[in-house]
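Subject: Structure handover

Hello,

Please find the structure below. My notes on what was found in it follow.

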Amino acid sequence: MPSSNRVRPGRRLLATVSAVGLVTVCGVAQATLATGASASVSGAKLTGATHSSLTITVTGHASRFRVYVAKVHHQLIAADLHNDPSSGWSKSHTLTVTGLKYSTTPYFFRVLAESGRRHAYSATFGPVGLRPSAPTGLAVGHPFGAVSLSWSGGTGTGYVVERASNADFTASTKSYSLTGPDQQFSPGDLTRGASYFFRVRAVNTGTRSVPSNAVSDGPTAASDAITAMTYNLHEADISAPSGESWSDRRSKVAAVINTAHPTVVALQEAASWIGAVKGPRQVDDLVSALGGSYKLARTEVPPSEPHYFRTADYILYDPNVVSAVGDGDHWDLGNASSGADHWAAYQEFKVTSTGAKFVFASFHLHEQNKAPASDDQIRQDQAASMLRQGSAYAARLSAPIFYAGDTNSVVESKHKFDGPRVAMQGEHVADAFDVAQSRAGTKYDSANNFERKAPAHRKYIDGVFVPPGVGATAWKQIVDLSHGRFVGVIPSDHNPIVATIEIPY
């Protein structure tokens, strides 16, 4: 088609998810070519999807219509449509594109209307997804008296867990939306002694599968909500690219923690000496700046004692809410290719008001990316080591455990795969971001690299992670910006993540 027939970019369209889980887009920009009978497209929506087909319903006027689909938005320009899968011409306003290969990569679509020599092109719609297979093998477990659901299959971009008080799923219904590949969910809002029915649907970019098998059960334990933060402070003895020192940043870090006031805080990169060797550590200096609102758990031998040791990973806690049960300690996660050992600090706690007990771990994984595939594997091995040691320790105490820290991993050019999350998914340990029902501050990366304009790619190398039985109901990234930029002193090269955690007891 000659370049003169290319369609001008249409106005930006918004996609919404309908009640049946299919994407609907209306208000179409169009261009009309040639002369003759009128041709128009006034709307279009996805009205059906299978594992290999998409059905589009068009509103408009024309002798015939055709819909084209592609996995890349810009492949639907008029000059390239002949290369894209299509429905073929039809007088019907409902068109189906068949023979598509299932994947979690979304599709975009565009409609061409024709009447005589007159053509009209719609704007490009999407993204939309093929229908995933239903999850299988839904089962219920009872760690620490909680309800924990697990399943397999149904590969998509997330899941919806459906809850009801009857087997027909018509009474007291509620849905939990999960994002990502986690196939484990522990609802954090169940009533002890009540009975519930559960089933799961896979979701692929808004398109839902048929439901899984149903299970029925209820918790025998109550739950207690606490908040947990993870915060990488950036070592005081390493200068920030912006030139800000720890003394510049300390009060702002303290203000962030005191304002959010989480129950427990996992700190990383907080071991630098403040002044003389064997003097206060960076974490000690922070506790002082917090003004008595937090205590430091004993997870290593402090510098005031013989045989002192520094891991750089620490745990703070609010003594008005929880108390430390004895001393904590740390696990060695293994020596990385950089020659540096990595650790996870841990501490058992008891909630003062209810007596609920839990173990909390703060970790920092291998950060080098000189050989991406091998570095990803190192991080996976370190995470697996932490989970083995953590689950064994918690089992001896008969207490639930959860983890918070810096994974140093997302899927991007420097990371061939997300090793830590591979390890966690293998043990059914879920990212709180994936299972929380409320999220805030999702736009920005958790690592800001001291950049004045906050990176906004939705990449989170920091997180809170929960095993079966431990619920995560809310997730929030704390980032104080003005028009997307940090003002004044940037507290750290990482933004803190806070999650609301439900502890069974």
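**Salt bridges**

Asp285 is buried, with a relative accessible area of 14% (buried means under 20% relative accessible area, exposed over 50%, and partly exposed in between, using a 1.4 Å probe and protein chains only). This is a predicted model, in which local features need pLDDT of at least 70 and side-chain atom pairs count only at pLDDT 80 or more, while totals for chains, interfaces and linings use all residues. Residues are numbered from 1 along each chain as its sequence is written, and side-chain values use heavy atoms, with hydrogens and water left out.

The side chain of Asp285 meets that of Arg250 in a salt bridge, at 2.9 Å from N to O (a salt bridge is a side-chain nitrogen of Lys or Arg within 4 Å of a carboxyl oxygen of Asp or Glu). This pair links distant parts of the chain, 35 residues apart: Asp285 is in helix α2 (residues 282–289) and Arg250 is in helix α1 (residues 246–260). Helices (H or I, at least four residues) and strands (E, at least two) are DSSP runs, numbered from the N terminus. Arg250 is partly exposed, at 29% relative accessibility.

A search of the whole structure gives 14 salt bridges. One of them joins the side chains of Arg64 and Glu114, at 2.5 Å from N to O. Here too the pair links distant parts of the chain: Arg64 belongs to strand β6 (residues 64–70) and Glu114 to strand β8 (residues 107–115), 50 residues apart. Arg64 is partly exposed, with a relative accessible area of 31%, whereas Glu114 is buried, at 13%.

Another salt bridge is formed by Arg379 and Asp376, whose closest N and O atoms are 2.9 Å apart. Both residues lie in helix α3 (residues 372–397), 3 residues apart, which is about one turn of the helix. Arg379 and Asp376 are both buried. Salt bridges with shared partners also join Glu162, Arg199 and Arg201 into one network.

**Aromatic residues**

There are 17 aromatic pairs in the structure (rings of Phe, Tyr and Trp, the last by its six-membered ring, pair if their centres lie within 6.5 Å; planes under 30 degrees apart count as stacked, over 60 as edge-to-face and the rest as tilted). In one of these pairs, the ring centres of Phe363 and Phe465 are 6.1 Å apart and the planes are at 45°, so the pair is tilted. The two residues are 102 residues apart, with Phe363 in strand β26 (residues 357–364) and Phe465 in strand β30 (residues 462–466). Phe363 is buried at 0% relative accessible area, and Phe465 is buried at 0% relative accessibility.

Phe433 and Trp475 make an edge-to-face pair, 4.9 Å centre to centre with 85° between the planes. Phe433 lies in helix α5 (residues 432–435) and Trp475 in strand β31 (residues 471–477), so this pair ties together parts that are 42 residues apart in sequence. Both residues of the Phe433 and Trp475 pair are buried. The ring of Phe433 also has the charged end of Arg439 over it, 5.0 Å from the ring centre (a charge sits over a ring if NZ of Lys or CZ of Arg is within 6 Å of the ring centre and within 35 degrees of the ring normal). Likewise, the charged end of Arg199 sits over the ring of Phe169, 4.1 Å from its centre.

One aromatic cluster is formed by Tyr317, Phe349, Phe358, Phe360 and Phe402.

Thr354 is in the loop between β25 and β26. Thr354 is partly exposed, with a relative accessible area of 31%. From C-alpha to C-alpha, Thr354 and Val256 are 27 Å apart in space, and they are 98 residues apart in sequence.

**The whole protein**

The secondary structure comes to 5 helices and 32 strands. Of the 505 residues, 52% count as buried. The C-alpha trace spans about 90 × 55 × 40 Å along its principal axes.

Regards
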